[in-house]
Amino acid sequence: MVSHSTARRRSTRRTAAAALLACTVLCPGIPAAAQSLSQQQPNPATTRTLTSADPFIGQNDLSVIDPDSPERQPAVPPTSDPDRVTTGSTRTTTNPGDAIPEEGDEAVEPVDRRENTFETTVDGGENATIDDGTAPGIRIGTLTLRPSISQTLNHENKTFATGSTSRNYLTTGIRGTLTSDWSRHALTITGDGAYQRNLGGSSAGEEPSANIGADLRLDLGDGTQANLTAGYAFSREDTNDPNAVSGASVQGGEHVFTGGASIERNLGTLKALAALDLSRTIYTDAKGVNGQAISLSDRDRYGAGIRGRVGYELSPALIPFLEVTAGLTNYDKNRDNTGYQRSSHTYGAKVGTQIDLGEKLRGEAAVGYLRKEYEDGRLDAIDALAVDGNIVWSPQRGTDVSLGLRTTIEDFAGGPRGGWVSRQLTAGLTQQLRSDLVARLTAGLERRSYLTSSLRDETEYVAGAGLTWSINRFLDLTADVGYETTPVTDNSQWRIGAGLTLKR
């Protein structure tokens, strides 16, 4: 930001005053027209409340924007859900092996997502307009496409109880968002993919990934909003996952197809939500050390869940809520390769509160109970205390702190063990060091509690750091480093990478 002395500002104001006086004398008709325009007061803007389309809040948010408001703006598209997990371990958001992240370590954004950004000077001054440095995107009718492509060079080292491996590899990443600019309703499509290629010929350890999601928001009027969602994701199963094939040269791939519908309605101070979620999971074969295929088809399954929530608005900043869930998982094969029926039913309930203190603090936190019961009587049911939430705090302009909590019950791939409880904690700090330089720190842990087996409980720790230098609005230079360790199994790995991102 350019600063000027008081003397220079006063000189600028005297010059402007002289110019205004001259215009008044020479153009007497202009002031009258200006006075006439100033008497036309605009309609007051309708207060915007949080919705499920708001970033950081998630699809469970209950507040709905009044669709009849003439001041309504299209919602900022959410990024890919940071809480989505398959059965893999927690990952840092600055993983050097992934496609290079953009500012805020998320996919390309149509606007600056920082919660507490710099503002213009009080008197307007010479800094009346701030360029956020965002690429303009490509206009397609009433839609705007913002694509980016990145190329990184990375090094990875993994250490096991029996030895270690290392590799150098290239990662090519493609990201993009497609957002609508409609006066009513909104469509948001986000996608990203990464392709890894080892330097040296071997494909061992390569982890390709892809993710695409679409959200159509329908403003039905009278405080009612509906959302239709669809998505697809592909990832390679993590070698640290309890279900990973021991000794495999290439782990199996996981295709996940999702769809859902939800409706939210404001009934005075009551906020109500009902949702249906569907999923289909398909596994590709793993490869043994000698190249033979290892089928994982007995893990293919369907999933369905319903969710209901009722909240009470104590104030616009505080909404306590009660949420109940129920779901089922149905495996394609009645029995897995070990002879057990793994289909199950899940139930849950939690109480919590939503918080919205504007740019300073927003999010939600809840505590509750989860239970999973298997069709096979030989598999014990699993109960868990659930703690979930996501909080975003901006203590000062240019600084964002995020915190996430998530509790899930995961299934074992086979044998007499039903499943385990996974509790995840993630934290992130984004700091704008300069207008063109952003630093990131991430940390997290995942605690796996094996309640139905003799396996020792284990905790995986992750940490990461990164820098993004915006050379210009179309080109970023990024460097990242990440570390993971699981003390119980004596496994650890670290990655470092750097590269360029081209945006449009």
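I looked up tryptophan 420 and tyrosine 450 in this predicted model; both are buried (under 20% relative accessible area, with exposed over 50% and partly exposed in between, 1.4 Å probe, protein chains only). Numbering starts from 1 along each chain as its sequence is written. I note that local features need pLDDT of at least 70 and side-chain atom pairs pLDDT 80 or more, while totals for chains, interfaces and linings use all residues, and that side-chain values use heavy atoms, without hydrogens and water.

I found that ring pairs join Phe412, Trp420 and Tyr450 in a cluster (rings of Phe, Tyr and Trp, the last by its six-membered ring, pair with centres within 6.5 Å; planes under 30 degrees apart are stacked, over 60 edge-to-face, the rest tilted). I also found the charged end of arginine 417 over the ring of phenylalanine 412, 4.4 Å from its centre (NZ of Lys or CZ of Arg within 6 Å of the ring centre and within 35 degrees of the ring normal).

Next I checked arginine 342. Its relative accessible area is 3%, so arginine 342 is buried. I see its side chain in a polar contact of 2.9 Å with the side chain of aspartate 336 (N or O atoms within 3.5 Å; within protein, one able to donate a hydrogen and the other to accept it, and residues adjacent in sequence count only if both atoms are side-chain atoms). The arginine 342 side chain also reaches the backbone oxygen of glycine 415 at 3.1 Å.

Last, I noted the charged end of arginine 378 over the ring of tyrosine 340, 4.2 Å from its centre.
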